[in-house]
Amino acid sequence: MRNLTGFCYQEKAMSEKQIFRNLKKRTFRFGRVLLVAFLLSAHGFSGNLSVEHLRCEYLVNPLGIQNTTPRLSWILTSEERNQVQTAYRILVSSTPEKLANNNADLWDSGKIESNQTNQIVYSGKQLQSRDECYWKVRVWDESGAVSESSVAYWSVGLLNYSDWKAKWITHNVEPFTGDKYEELYLPPARYLRKSFKLGKQIKSAKVYASALGLYELRLNGQKVGDACFTPGWTDYNKRVYYNTYDVTGLLKEGENAIGAILADGWYAGYIGYALFVKLDKVRGFYGESPSFIGQLEVTFTDGSKEIIASSEEWMAGPGPIREADILMGEVYDARLENTGWDQPGFNAENWEKADLGLKLSGALEAYPGVLVKHREEIQPIEMTEPEKGTYIFNLGKNIAGVIRLKVSGEKGEEVTIRYGEMLHDDGSLMTENLRKARATDTYILKGEGVEIWEPRFTYHGFQYVEVTGLSQKPDLSTITGIVMNSDTKQASTFTCSSEMNNQLYQNILTTQFANFFDIPTDCPQRDERLGWTGDAQLYSVSAAYNADVSAFFTKWMQDVDDGQLWYGAYPIFAPIPYIRPYHVPHSPAWSDAGIVIPYNMYKIYGDTLLLRRMYPGMKRFMDFQLSESNGFLRPGSGNNYGDWLSLGKETSKDLIASAYFAYDTKMMFEIAQCLNQEEDAVYYQHLFQNIKKDYTRQYMNEDGSLKEHTQTAYALSLYMGLYPENLKEQGAASLAKMITENGNRFSSGFIGTKHVMLVLSDFGYNDLAYSLFTQTEYPSWGYSVVNGSTSIWERWNSYTKETGFLGGKTRSAMNSFSHYSFGAVAEWMFSKAAGINTDGPGFRKIIIKPSIGEGLQFMNASYNSINGRIVSNWKKGDDRLELHVEIPANTSAQIYVPSVERKKIREGKTLIGKSNDFSIVGINGIYTVLQAGSGVYDFTIEK
Ligand code: BGC
């Protein structure tokens, strides 16, 4: 349903004819309704602005939302320069027909004089459960010309307990016995069904469904929706999410059948490293057995309604999925298929009545995030046979997801599929780094011609697939790789003159997508896959440049908030289902995600709601930090991971803890101001000054050098504003010297690395930043690329051709090849190297300030901000530098052109001094600063 609004942002190039054809293809009633609305909507508006990409709560046409005052947004584009919106008017109607007649019975905002295009709160009639809202927006430009969007939609979910007629149901089952993996407890998936008759003509129908566990919903033999791993991972004791589907097109008058397949998932299955570190409990952290809830609501053409709700009247039976566990894998015995179990007319004689599931203790709310979907399918590029009958397929890149298997053979033949990120020298699969994740799928053939199968309730992190047990020699078509992740849309592009760095960017994207899997996991392969807060906060700006993570982080911030510990600290990972004995569940630079990420979301998307929601918790976290401090310095207490995976001399944990305390305080000052909490703002301002005073006394010498001589200590002190004004330059010079003396290479870990890059560019050490960026000697990003990586590695030296996987088992136990943390250099690539930045919240005022240095000839970067696409390209020539800049409609920019000689700068053919399209603001260091409106600009700067 994503592109039903027609003039979808990313599909701008579509002609109206194509859009019409696309709309016509939709069979669901929802599509038809929007088509009607689209055709009925008044066109003929003449404005220069085109209104696109309408969203509600960051989602395109969301079904069943929880928020009854949702935030609406759109994006403006224009072919003309200097286009702004001077006013808007939002119309919201309960039917498409009413909207087409401009009868806004739910909300007519009236004409609002404003350039705002996002974070606009619906302020119409009080919305109720199940309300349907069709909306469009009209905008005015400076000349008074009007443009109108096409129609978008949202509907409200089930808001009240009384709306739910359905009951939680389950099926009490035991694991299959005689299993070859006896040490694990792996119950089969449960199959639940109900047949029902619909006696009248159907007008529309929706299903609301959820599980404590994972569910796949089926209707008349078809999967409902295209999402996987629903309803996602939360602290199920506090909240569980339901999903809403429009199923009008799947129902028919007469006999129908609804079904659900139910698996343990994060709720009852194995999660994280519990087995590895030998916790008393290793699975079932929220409950022992999964439950399902589903409510189908049908509206007939005569206006009457019927509800089919899950209850103990549903039937439960066995099926082919004998084991289904996220970490361990799936066993599918095709001989046990109950063909037609999810269709009408199935004989469920041997099935039992479903059991009633547990009652929920927390909230049941609409899913606010980004659903996990199949992103891409890839074919293997190579197949080898390192041992007779053992086939290894190379997918060409390290992904998260599953495979589709295509086989034929005898009934009962058992095909075993194992997954790995790397191969040993002898060509065999490397699985040591998976630790206790069995990551093995088994398919048992039914022996009926070509059989095609893909697992549903497990996923793996892998590039290589090992298949054994085949009676016939496979070929490349035997396996298809299915890339899965939360469907966050890519938001950036990046190319430059270094193929190595282009590959690095691809590796960063691949690894981000592999790990943004309902929550931001640290890695997708081993028995961990936890939402480590340190990794996420460090990477959050990079994540937002690379993809639209607005709804994704909205959801996960709730998990972080739910995980806040009783004493105020945010947890080391979220959701946090268990705590290791003697293990403190908070840590400096990890817990700080509770402040850093909402702050970044505010900067990037202008999101103040998240700040407001989390503010009380943030204050508690600040109080906790202060109460733990000696004076105003925090000891590196808690489970302090320090500069995780750094090399050489360590930065003290105390320094990192205090630097982050100061950084949090600085952000809290801004957040308090933004939320009009003036007293708090003053308090945090003073607190910051006090921390800074103690910090400089403790860690700094009078000449500006630090008592801890590490790259990370300097980078954090400078980035977090802890240097006295008069000593900053010395601090930056010391950092630069230290890197040069280290052969232009890093010694920093997770915490320091991205800050080193940002600080070098902030202080004008661009050549040095580029030498780190293009470096291929160990340790560097380039080192992994020249060693053949297709992803970001956990360690600088996860693998070398000379030493393999770091030798010994201990280290290979913590050696992921898909760990996004070191990919946080993306923040530098976009904000510094290409120089795309926001001045204040939400990219309404843009800064283009490319930091150009030795080592690259050109760079092309784009970023789809919440206000539209921003481009910054630069290219060095023999006698000139070229700069291509695109600023989206309804925004303005300060463009920093890297030359102070005005007479050498032209835009197009015109000297900048003579152009009417922007004004010269002044000189800033090596830059001439121009104030520009929206548009496309091509600058040349003569040498
Ligand atoms: C994870 C990291 C995480 C760390 C805490 C590791 O096992 O993979 O990414 O941040 O633990 O130091």
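Are F516 and Y539 buried or exposed? Both F516 and Y539 are buried, where buried means under 20% relative accessible area, exposed means over 50%, and partly exposed covers what is in between (1.4 Å probe, protein chains only).

Before going on, note that this is a predicted model, in which local features need pLDDT of at least 70 and side-chain atom pairs count only at pLDDT 80 or more, while totals for chains, interfaces and linings use all residues. Residues are numbered from 1 along each chain as its sequence is written, and side-chain values use heavy atoms, with hydrogens and water left out.

**Aromatic rings**

The structure holds 71 aromatic pairs; rings of Phe, Tyr and Trp (its six-membered ring) pair if their centres lie within 6.5 Å, and planes under 30 degrees apart count as stacked, over 60 as edge-to-face and the rest as tilted. Select F516 and Y539, which form an edge-to-face pair with 6.3 Å from centre to centre and 70° between the planes. F516 lies in strand β37 (residues 516–517) and Y539 in helix α6 (residues 533–546), so this pair ties together parts that are 23 residues apart in sequence. Helices (H or I, at least four residues) and strands (E, at least two) are DSSP runs, numbered from the N terminus.

Next select F746 and W796, whose ring centres are 5.3 Å apart and whose planes are at 10°, so the pair is stacked. F746 belongs to the loop between α13 (728–741) and α14 (750–762), and W796 to the loop between α16 (781–786) and α17 (809–812), 50 residues apart. F746 is buried, with a relative accessible area of 2%, and W796 is buried as well, with a relative accessible area of 3%.

**Around the ligand**

Now select the ligand, and with it the residues around it, which are D522, R526, E528, W532, D535, W590, Y641, W644, F750, E794 and H819; a residue is counted here if one of its heavy atoms lies within 4 Å of the molecule. Which side-chain atom distance separates the ligand from D522? An N or O atom in the side chain of D522 is 2.7 Å from an oxygen atom of the ligand. A polar side-chain atom of E528 lies 2.7 Å from a ligand oxygen atom, and one of W590 lies 3.0 Å from an oxygen atom of the ligand.

Turn to helix α11 (residues 678–699), whose 22 residues at 1.5 Å a residue should span 32 Å, and whose end C-alpha atoms are 31 Å apart, which agrees; the expected span is 1.5 Å times one less than the number of residues. The buried residues of α11, among them Y684, F688 and Y695, pack against α9 (609–627), α10 (653–674) and α12 (711–719), with contact meaning heavy atoms within 4.5 Å.

Finally, select I120 in strand β6 (residues 120–121), which at 4% relative accessibility counts as buried.

Notes. A polar contact is a pair of N or O atoms within 3.5 Å; within protein, one must be able to donate a hydrogen and the other to accept it, and residues adjacent in sequence count only if both atoms are side-chain atoms.
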